[in-house]
Amino acid sequence: MGRSVLVIDDDPMIRQFVELVLHQAGYRVSSAATGAMGVEALQESRWDLILLDIELPDMTGLNVLGVIYGCPRSCKGLLSNDGTISGCSHLSGLLVASTLHRRP
């Protein structure tokens, strides 16, 4: 199996779709439905890419982002559906991209 991707999103349809597409493309994919589950996964493994929802039920994606920044096993790529991450200039070492699709 190829590179590893962690999907942190509370929407099960998004998680399932992203897992399916990435798995078929040869990626090792794991997912988490909450920020706490995502943080646990961050501490257990190293991820090449993390797809992070900004609005999670138990904490904000920015809280999870803070953990990613402080985690020695964290990835160097980040994809956010928010489009902007204000007040996070200390994260300049991360690649930050935004998706074209925005949920209402």
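The structure is a predicted model, in which local features need pLDDT of at least 70 and side-chain atom pairs count only at pLDDT 80 or more, while totals for chains, interfaces and linings use all residues. Residues are numbered from 1 along each chain as its sequence is written, and side-chain values use heavy atoms, with hydrogens and water left out.

On pLDDT (the predictor's confidence in each residue, from 0 to 100), the protein averages 74, and 65% of the residues score at least 70. Strands and helices here are DSSP runs, numbered from the N terminus (E, at least two residues, for strands; H or I, at least four, for helices). Where pLDDT is low, the predicted coordinates should not be read in detail.

Strand 1 (residues 4–8) is largely enclosed by the rest of the structure, because 5 of its 5 residues are buried (under 20% relative accessible area, with exposed meaning over 50% and partly exposed in between; 1.4 Å probe, protein chains only). Ser4, Leu6 and Ile8 are buried on one side of strand 1, and Val5 and Val7 on the other, leaving both faces covered. Pairing takes at least two DSSP bridges between two strands. Strand 1 pairs with strand 2 over 5 bridges, in the parallel sense, and Val5 has Val29 of strand 2 as its bridge partner. Strand 1 also runs parallel to strand 3 (residues 49–52), joined by 4 bridges; here Ile8 is partnered by Leu52. Together with helix 1 (residues 12–24), strands 1 and 2 make up a right-handed β-α-β unit, meaning that, with the strands pointing away from the viewer, the path from the first strand over the helix to the second runs clockwise.

As for charged side chains, the structure has 2 salt bridges (a side-chain nitrogen of Lys or Arg within 4 Å of a carboxyl oxygen of Asp or Glu). One links Asp48 and Arg3, at 3.4 Å from N to O. Asp48 sits in the loop between helix 2 (35–44) and strand 3, and Arg3 in the segment before strand 1, so this pair ties together parts 45 residues apart in sequence. Asp48 also forms a salt bridge with Arg46, with 2.8 Å between the closest N and O atoms. Shared partners join Arg3, Arg46 and Asp48 into one salt-bridge network. Arg3 is exposed, at 55% relative accessibility, whereas Asp48 is partly exposed at 25% and Arg46 is partly exposed at 43%.
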